[in-house]
Amino acid sequence: MGKIYTALGLMSGTSMDGVDASFIRSDNGKNYIPPAINQYFEYDQDLYQKLTNLRDKITNLKDLDTYSDEIKSTEKEITLFHAKIANVMIEENPEWELDIIGFHGQTIFHNANEKISIQLGNGKLLSQLTRKTVVYDFRQNDIKNGGQGAPLTPIFHQLITKQEYEAQWPVLVLNIGGISNVTSTKKSIQNFEPELSISKSESKVFAGDIGPGNCLIDEWIRKNSKYKYDKDGLIAKSGKVNKLIFNQAIDNFLYKDDDKPRSLDIKDFDISFVRGLSLEDGAATLTHLTARLIEEGLIHFMLKNYTPTLDALSKAICLVCGGGRKNKYLIDILKDNLNIKEMILIDEHNIDGDFIESQAFGYLAIRSYLGLPISFPNTTGCKKPSTGGVVIKNY
């Protein structure tokens, strides 16, 4: 075991409701050394409203120029919030001698086809305010190398599941955030090396975005009620699916059959087609649509990466993480409709599913600091293994 690095990963997802913060340790960016320390910090209502309003305004590249002053102002506010919570974490956990902060920032625009991904967050200012080395802007190098810029968490998914499921195959990690993505490892090797996973066929890691996650449901609930999301899926469960609208939406949204990795953004989906439905019926229709698109995405993923039949899916163990795992109604629909061996919440393996991504970006920060790759041809479609974030020390 080499040098032990300690990182603080900071992650704010598409829900825009706050920041997940996690201390993690890794030996030279190779292995994850549990336990982790996790804490959630909620945005106040004013900042939440600023972020959601800003994201709603930005639909194309021109909007980035139109709202540039608002973007800069909000970025500073976001960075100050992250600095405050980082210093709280550092002060409350003095036994964790922090080396690096992994600063994901807040995504407000992502379009892989146009080779642009914007995360609000000033790494230079965060480094100054925390007096720590900061790694940020994780997606740009992957995009420059021909990748989609996402998903970036697959090597961490592979890492945290490798020991318990070393002898089993295939194992899927389904992350249902704003967008749903999946990671799978073909076989494994005794001495795991993430950076070898693109050259050793017996240890390849495959990943990709497969469809919407919480984005459609959350937007509908946010715009048509006082709530931010559908807790446990109870609103959707009380409604009825509008079958005509559902069938038309399926035709528009279904996965197009191609071999290229794709990276999705919540702006790739909209809820205009359910306008006019009641809160409950709209939620029901969107939840069933989301489940169907996840199902079709998983099937396409397995057919592409494993076998021309669906045998691999029926033999697979699927570990579910991300905020969408808490939507019990959505998970029940997936379990009922998918021909899969086992679908379980990742929390059942003593891994807190709320903090997978914040831990991941702590781990990716360590790897970026050490110049190790964080994305691969089979995960983002980049031309070669690519290291990630910008490393800054400003104090």
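Among contacts in the chain between residues at least 6 apart in sequence, 74% join residues at least 24 apart. Keep in mind, as you browse these views, that the model is predicted.

**Figure 1. The chain as a whole, with its 13 helices and 12 strands.** Let's begin with the setting for the close-ups. The chain has 395 residues, and buried ones make up 55% of them. How many salt bridges does a search of the whole structure find? The search finds 10, and the views below visit some of them.

**Figure 2. Glu 70 and Lys 57 joined by a salt bridge.** Here the closest N and O atoms are 3.0 Å apart. Glu 70 belongs to helix α3 (residues 68–92) and Lys 57 to helix α1 (residues 45–57), so the pair links distant parts of the chain, 13 residues apart.

**Figure 3. Arg 325 and Asp 347 meeting in a salt bridge.** The N to O distance between these side chains is 2.7 Å. The pair links distant parts of the chain, 22 residues apart: Arg 325 sits in the loop between β10 (317–321) and α12 (328–337), while Asp 347 sits in the loop between β11 (342–345) and α13 (356–369). Why does Arg 325 count as buried? Its relative accessibility is 6%, and buried means under 20%. Asp 347, at 29%, counts as partly exposed.

**Figure 4. Asp 354 and Arg 325 in a salt bridge.** Take another look at Arg 325, this time with Asp 354: their side chains meet with an N to O distance of 2.9 Å.

**Figure 5. A network of salt bridges around Arg 325.** Which residues are linked in the network? Arg 325, Lys 326, Asp 347 and Asp 354 are its members. Within this group, the buried Arg 325 has salt bridges with Asp 347 and with Asp 354, so you can trace both pairs from the two previous views in this one.

How values were computed: Residues numbered from 1 in each chain as written. Predicted model: local features only at pLDDT ≥ 70, side-chain atom pairs only at ≥ 80, totals over all residues. Heavy atoms only, no water. Salt bridge = Lys/Arg side-chain N within 4 Å of Asp/Glu carboxyl O. Helix = DSSP H or I, 4+ residues; strand = E, 2+ residues; numbered from the N terminus. Buried < 20%, exposed > 50% of the residue type's maximum accessible area, 1.4 Å probe, protein only. Contact = heavy atoms within 4.5 Å.
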